[in-house]
Amino acid sequence: MKHFKFEGDEIPFNEGESIASALLRAGIWQFRESRKSQQPRSLFCGIGHCYDCMVVINENINQRACLLEAREGLSIKRQRGVN
Amino acid sequence: MRIAIVGAGPAGIAAARILIKYEVSIDVYDQYPQAGGQYWRHRKGESFPDTRFETLTNHSKISWFFDCSVWQIESEKDGYSIHAIKDGKQISNQYDSLLVASGAVERSLPVPGWTLPGVMTAGALQSLIKGQGVVPGNRIVIAGSGPFLFPVIETLQKTLRLSNSTKAEIVGIFEARRLSRWWRNSYGLILNPDKALEALRFLRYLRKNKLKVNSGRIISKVQESKTKTAKEIQITSFKREKLVKGAKDEYLECDLIAMSYGFTPDLTIPSILNLKTVNRFSDEIVLIDSNQRTSKLGIWAAGEITGIGGHELAIREGEIAAFDIVGKANSLASAIRKLDRWRKRIFADGLARIYKVSDRWFEWSAEDVIVCRCEEVSRDEILSSFTELGADSVRTSKLFTRAGMGMCQGRLCHRNVQDMARLFGSENTKTNRPIGGAVTLGELSD
């Protein structure tokens, strides 16, 4: 099985799976912290509308985990503060 | 003739299936990686969920622009130019005619705790199951109001039964409205016996699987766990469009809550085109004539943006628009579809009468509940922008409170703030956004 990194941990994923789906299967619910009150956020609408599942992928901010396919070797971090 | 279809869901695909029979070139734009829209969402590599449209996806007469975000459409001397971003690059193409079929977004109602991880829209759960084959969570609750809860329950239950390894289960189903309200759709049921049978078949499915729908109940709060995820819900009685607060509240432990209050048209594309809209069941919808023509010459609209009605109605509307685009509006084929559209519209309107969210939902929701999730603006901050600061529209309230100014650009909160704006006297609640999606300056500068 292929893997990507989330906050340093190896997360396995199926071919064609979204990043959000792989994280949820691994039991990881918190994708980012809200900007004002630093509260945890996760996947909400699942189809790219709500931008609540934003993560930092290879240093690029505001990437929607529900839309983007997982790929080998990606380095993903929780998004804090920005939006 | 060059035709562009914006949206590869049921309406757009149905239109394409008619158009390929004529001497026209067809480009289809969609922000997702494959055809089908939300309704026919399927896993990569799986065959198209509806066999009627299977052969279209690799038809030589159609050019597909997937993963493509249309951010601007300009009027030209004789047609329209579509500007879109694909793979980080700008593409621009000119067309004689446009069909806008950009669909709907799910409606959510704010409830304390709805921003917690573990709470998602019913559509999100449906897309995780259908698109990814994943069911997150173990104790699952489905709640809200409307017919969309039915297919979500069925998809979820079927998936749970298939995978014996998972210990996940549905622990509660809560529907705000009672079944008795279906008399409001009696005319629609008589005209659409297929739909009546579908409803009966679903009720039988529930009974067979020992699933109980608790009607007249609504989630009034989601409690958080130590790790700040959803842990428990508070369930309150819902009568005459209001919460009945008091002793009868129940509590239920759960870790995944899928909520839905139906759908509302996504007017992002219609608003960059400045198409005329009208109010229907409190939703702003694109104004069309009997051939699906909009207020602008050369632009047609079909599907959910012309009024929520489901995929079968969207197919008919797409087909009727397609016949008119190629000058066959008076054909028998078009007339037959118009009759069918009339029958399906009556059913859809009946559903709206049963399940329409009250325009005054905010009167019974909590004062400090977050309405704009992106900018974390509460119900009372938005209400006081109208009552104290003198805001008179969604737009002015946004300038005072930042509600709708975050990353989602109001896609989630606009419809909810609109209800408040209408109460305080403003008819001007039109979506007013000149750009159709999130675009970076870098992508535009290339």
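This is a predicted model: local features need pLDDT of at least 70, side-chain atom pairs count only at pLDDT 80 or more; totals for chains, interfaces and linings use all residues.
Start by selecting residues 311–325 of chain B, which form helix α7.

Then step on to Gly327(B), which follows α7(B) and has a positive phi, near 75°.

Next, zoom out to the whole of chain B. The C-alpha atoms fill a box of roughly 65 × 55 × 40 Å along the principal axes. For 446 residues, a compact globule would have a radius of gyration near 22 Å; chain B has 22 Å, so it agrees with that rule. Of the 446 residues in chain B, 47% are buried. Among contacts in chain B with a separation of 6 or more, 67% join residues 24 or more positions apart.

Now select Leu43(A), Ile142(B), Ile219(B), Ile257(B) and Ala258(B). These residues have the most contacts inside the largest nonpolar core, which has 79 residues. Helix α1 of chain A, residues 19–25, gives this core its largest share, five residues. In chain B, colour domain 2 (108–261) and domain 3 (367–423) separately: both give residues to this core, so it lies between them.

Centre the view on Ala258(B). Apart from neighbours within four places in sequence, Ala258(B) is in contact with Met120(B), Thr121(B), Ala122(B), Leu125(B), Ile140(B), Ile142(B) and Val152(B). From there, move to a second, separate core of 61 residues; Ile62(B), Val100(B), Ile308(B) and Phe347(B) are among its members.

The last stop is the contact between the chains. Which chain gives 28 residues to the contact, and which gives 27? Chain B gives 28, and chain A gives 27. On the side of chain B that touches chain A, select β8 (104–106), β9 (119–121) and α2 (122–132), the elements that give two or more residues. The largest share of that side, five residues, comes from α2(B). Colour the touching residues of chain B by type to see 11 nonpolar, 11 polar and six charged.

Terms used: Residues are numbered from 1 along each chain as its sequence is written. Chains are lettered from A and ligands numbered from 1 in the order in which they are written. Helices (H or I, at least four residues) and strands (E, at least two) are DSSP runs, numbered from the N terminus. The expected span of a helix is 1.5 Å times one less than its number of residues. A nonpolar core is a set of buried Ala, Val, Leu, Ile, Met, Phe, Trp, Tyr and Cys residues joined through C-beta atoms within 7 Å. A residue is buried if 20 or more other C-beta atoms lie within 10 Å of its own, exposed if 12 or fewer, and partly exposed in between; C-beta atoms are placed from the backbone. Domain bounds come from an automatic or database domain assignment. Two residues are in contact if their C-beta atoms, placed from the backbone, lie within 7 Å. The radius of gyration is taken over C-alpha atoms; the globule rule is 2.2 Å times the number of residues to the power 0.38. Ala, Val, Leu, Ile, Met, Phe, Trp, Tyr, Cys and Pro count as nonpolar, Asp, Glu, Lys and Arg as charged, and the others, Gly among them, as polar.
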